[in-house]
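Hi,

Here is the structure I promised to pass on.

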Number of protein chains: 2
Amino acid sequence: MINKYAGLNSLAFSLRKGLFYIHKRYICCTGMKSLHHGDIYLKSNQTVVLIMEKLLRVNMSNLTVKEEKVPEAYKDLGGRGLTSRILLDEIDATCHPLGEGSKLIVAPGILSGTKCPNSGRLSFGGKSPLTGGIKEANAGTPLAHKLASLGYKAIIVEGLPQGEGYHLLHISDAGARLEPAGELAGLGTYEFNSRVRGRYHEKIYCICVGPAGERKMANAGISCNDPEGGPGRFAGRGGLGAVMGSKKLKAIVVDTGKTFDAPVVDKEKYSEASKKFARILRENPVSGEGLPLYGTNVLMNIINEAGALPTRNFRYGRFEGASKISGEELSARAKARGGVGAPTHNCHPGCVIRCSNIYPDENGEALCSPIEYETAWALGANLEIDDLDVVARLNRICNDLGLDTIDAGGALGVAMEAGIIPFGDGQAAINLLEEVGKDTPLGHIIGQGADTVGKTYGVTRVATVKGQHLPAYDPRAVKGIGATYAMTTMGADHTAGYAVTMNVLKSGGYVDPLKAEGQVALSVNLQVATAALDAMGLCIFVAFALLDNPDGWPTVLDIWNAKNGDNHSIDDIMEMGRQVLRVEREFNRRAGFTPAHDRLPEFFRREPLPPHNTVFDIPPEEMDQMNEQFNMIK
Amino acid sequence: MINKYAGLNSLAFSLRKGLFYIHKRYICCTGMKSLHHGDIYLKSNQTVVLIMEKLLRVNMSNLTVKEEKVPEAYKDLGGRGLTSRILLDEIDATCHPLGEGSKLIVAPGILSGTKCPNSGRLSFGGKSPLTGGIKEANAGTPLAHKLASLGYKAIIVEGLPQGEGYHLLHISDAGARLEPAGELAGLGTYEFNSRVRGRYHEKIYCICVGPAGERKMANAGISCNDPEGGPGRFAGRGGLGAVMGSKKLKAIVVDTGKTFDAPVVDKEKYSEASKKFARILRENPVSGEGLPLYGTNVLMNIINEAGALPTRNFRYGRFEGASKISGEELSARAKARGGVGAPTHNCHPGCVIRCSNIYPDENGEALCSPIEYETAWALGANLEIDDLDVVARLNRICNDLGLDTIDAGGALGVAMEAGIIPFGDGQAAINLLEEVGKDTPLGHIIGQGADTVGKTYGVTRVATVKGQHLPAYDPRAVKGIGATYAMTTMGADHTAGYAVTMNVLKSGGYVDPLKAEGQVALSVNLQVATAALDAMGLCIFVAFALLDNPDGWPTVLDIWNAKNGDNHSIDDIMEMGRQVLRVEREFNRRAGFTPAHDRLPEFFRREPLPPHNTVFDIPPEEMDQMNEQFNMIK
């Protein structure tokens, strides 16, 4: 457990560059011979922990990289907590999201880089070109662990390059540098990932943007590798790929053998609590059975049964073809076709849920990984497409171009609404989506997401909040998630406060999904908890177990405390979540958002949804009043 | 002056329908045999004025029209004062501008329908699909006089029709009715205006939308006839044509011989003051000489000389080819080519300035009327096009499709910025603009205006405020107009507070255009006065004389008082203007606007403009503080 007197040069180098800090709870000790990042060192019976965590500032205007000391105020932050805080502190909220003053922040979670189960979420933050507000999108990927293991609390990409060329940011144990992207620019994410390994070697991991990001499309996401090096783990929502593309940063290449090398103060307690946490996750019926068996797409039949599966651009709550694009069907096909993989699959090392999948084509070759429920809905039921192979092909095109699948499906749905292509026509949908890669005017329209398609074609039936398209749960039949869509600073986002859990899955309790009562409180509680989980770097699917099992949160608390040798309380976790929401609301306030933006499109309030024939009737005042608590930053 | 005992049936009919009210300042008198709208009647030495003013409510959902009594609160309102007030009172500010809850309001000015000089402005109001906020756009047209003469204080078009067909609203002395538009739908404004006279007769006047409005494009304006029945008088800005198009109302056809038949209480005083006002206007060098001689395009050389002519999408303040597209050149060509007309021309009866023009082609045939300065700039200098014939052709395409020329020029400029076509290429600009009429994806993009072109192609150099494109004065070299662009609720709009007058033309004083000091106060004073003029129905070009001549405002006051037999003060005029601004800010507040929206794009603050090499440096706080006074509605 104690690892000392090694790496003198490394420390000396670090000292010179001022790259490390002494963990605040322990006194600084000078004169030790050598220490590595994360080492624990005993001197005169005092424990000294060197956490050489750092910020990496990448200036694209002058093409320099600089490692910086982590400001005291950021030391306890991570993931979404850190991306949002840096944005509030460093950028003018009224700046153009794709302009010189805009920044892209990348931050692994507080627990990333450790063996805590499901702690491999990597947060991306920026001002969203889709919503005009603050945005955090995270992905489960080995890169969260690797960046945390290298000591990077955050990467801040700022400025705009003068020239036309794209660049790569190369990060390794030796440090970071910018390189010309050369012939790797312009490539789709599949081809990029295949060719970038030719330039470096097989064991690198990459964050990249596809052609959509390079073209600064408002629906461009950021691709992260899965453990096999596939490009399918996306920080998809809100157009952060366009922010990265505007900075002409094609990719971040991470070359390190380290995965679980982030410092932990009390390793024994940490390991014990982590094992307990894994057990708790495995014992929960959702995270231990439903998700591992069929992936997130286990929800297709469940939400359809609940009458909340938005069909034909939110006209109906049930889709005849739902079972044909469900997780059960996906699993059966994957098994029958053999080939490279089937449920279940993990998105990052240390995941004990393994809800991801690899969908094979007719020949058993990997076609797409993963097909999530929200994607199968957006590119399936939403468009009245009931062919899983078509859904997989559309999903693959999104992955390759680097588009968020939810808003891509939304864009296709609105295009169908406008009469550009017919509902239910899979081949037409594929052709239309491929326009995005062809740089045509229609492709530019589709690549901006549903909101722009609606505006451009004068369509009013556009299911967006703050410009971002609604995910796979109709807010008239799952009203708690409707409150989340409306209230969150992120634009319509199910992951911001996943009320489906109590509205439909009955994890942790039950709130009638068809009634207005109780939904706002439910949503807000979940928004707070989710913000904390996003800061920790934990996958939100741990929430089912946290809600169901009274041992859940105390175990997460033990892990957090063991990590840094702290003595936090459960309320400190929740306070961390509340603070994230306050920071984000303050950013949006500065950017010009008001409660008038915390509203669903009017057709949800006017038009009853079959089969329950309910409208969204949560009083706006109730949402505004509840949000008030986050309006004053502490 | 007294005109009684005529029209018994008319009164009886009106009484039955409750269409009239007794002017509040006079007692109701019953038992008179007959009175017409506007008649003055003597009984027992008391003057009784019947002003059978009415609102016309056009419900497109059930295709009904209904005349309504004017609510007491609206009796002293008109023009922009009335359109904005009805919007605040009747629509949910968060509604979709093209949805069921949105409305289009049409209102002649308070003085319209009379022989007061330059009182023929017709206001259109709605929630703008371009800005998302309140919008008033007005046009000089005989229709202002005619609708006022028929007693219409406002037309309120609401609801959405179920079917696909378009309709016409037909208004005559006999009342109003909806008719199917039939084969008149889908036509460009020139063809529409030519064919609609075949259906009715030659002497009708029309308000209509072109294909852009029918396609609900955010840059669609509303065409109004000039005295010859031409379609070139546009309420252009902010996309109100899309609001009209969304309601499937192709046109409003007005069939009446009345022009100056609105009621006036003290006709003698009115006539006298009006004559004096005409004299004042003719004596002013701008409204009496500059504008009549060369039209608004007299500004091309002046603004170029001032170094404030935005060139190549706001890169430079001077354009080499400015003189080739100037008012002087326009006048010379019109004279040389002979044909149908030349400067000067009037947009409505009673105009004594006559700044409009009819530009002939090589054969002396009318090509376009009018070519305004802002249009010649938007389609000329802004695109580095120096050929007036090309400008005229682009202008004609805009008129025919029903597009606002400023945002159309902005859209072409951003398309050039995106590399879709080269700067300076007139034929390419014509071809690209014609796409809008061809219903192609690129046409849909261009038809939305500059903001959408920028978003769709990832261009950040987009000179818009609140989504509306800047007009022909660079805010770095005419800082007062920059304050107006930023502060007004309307989106970038020179007419909202035309500070060019003191910054460049030195009418009414001088404020150095290159300095930040004094601009905000200048802008706000002008915004208040302009709002009052817009409510009166007066052309803003009367403002030069009002600023220069101490007899100006007192004469307008005399006219206003004589109209209704009131005893207002000058401050009542200004208070009317302030109240308009308060109402509009309150609407925008409800719609979600904040001071963060009262900002110019960041490149105006970062990038110096040659030749003066100044940036826009008015402190945002100064603008916010000044706007505070309008934040509380009285």
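A:Pro370 sits in the loop between strand E17 (366–368) and helix H11 (373–378) of chain A. (Helices, H or I with at least four residues, and strands, E with at least two, are DSSP runs numbered from the N terminus.) The peptide bond that leads from A:Ser369 into A:Pro370 is cis, with omega near -10°.

Before you go further: this is a predicted model, where local features need pLDDT of at least 70 and side-chain atom pairs count only at pLDDT 80 or more, while totals for chains, interfaces and linings use all residues. Residues are numbered from 1 along each chain as its sequence is written, chains are lettered from A and ligands numbered from 1 in the order in which they are written, and side-chain values use heavy atoms, with hydrogens and water left out.

Chain B has a cis bond to show you as well, between B:Pro610 and B:Pro611, with omega about 5°. B:Pro611 belongs to the loop between helix H23 (603–606) and helix H24 (620–627) of chain B. Back in chain A, A:Asn313 is not a glycine, yet its phi is positive, about 55°. Look for A:Asn313 in the loop between helix H9 (299–305) and helix H10 (327–337) of chain A.

**Where the chains meet**

On contact (heavy atoms within 4.5 Å), 33 residues of chain A touch 33 residues of chain B. The buried area between chain A and chain B is about 2400 Å², with 54% of it from carbon and sulfur atoms; that is the accessible area (1.4 Å probe) that two parts lose on being put together, summed over both. In chain A, the residues that lose the most area to chain B are A:Thr456, A:Thr460 and A:Glu602, together 19% of what that side buries.

Two salt bridges cross the interface of chain A and chain B, a salt bridge being a side-chain nitrogen of Lys or Arg within 4 Å of a carboxyl oxygen of Asp or Glu. B:Arg606 and A:Glu100 pair up in a salt bridge through their side chains, at 3.6 Å from N to O. On the chain A side, helices H15 (441–447), H16 (450–457), H22 (570–591) and H23 (603–606) each supply at least two of the residues that touch chain B.

Over all chains, the whole structure has 87 salt bridges. A:Asp89 and A:Arg85 form a salt bridge, with their closest N and O atoms 3.1 Å apart. Because they are four residues apart in helix H2 (residues 79–90) of chain A, A:Asp89 and A:Arg85 are separated by about one helical turn.

**Inside the protein**

There are seven cavities of 30 Å³ or more. A cavity here is a set of points on a 1 Å grid over the protein atoms alone where a 1.4 Å probe fits but cannot get out, and lining residues have an atom within 4 Å of a point. Grid points are joined across faces, edges and corners, and a volume is the space filled by probe spheres set on the points.

The largest cavity has a volume of about 850 Å³. Its lining has 49 residues, and B:Arg121, B:Asn138, B:Phe234, B:Glu372 and B:Thr495 lie nearest its centre. E8(B) gives the largest share of that lining, six residues.

Cheers

Technical notes: 1 Å grid on protein atoms, 1.4 Å probe; cavity = no way out; pocket = protein on both sides within 12 Å on 5 of 7 lines; lining within 4 Å.
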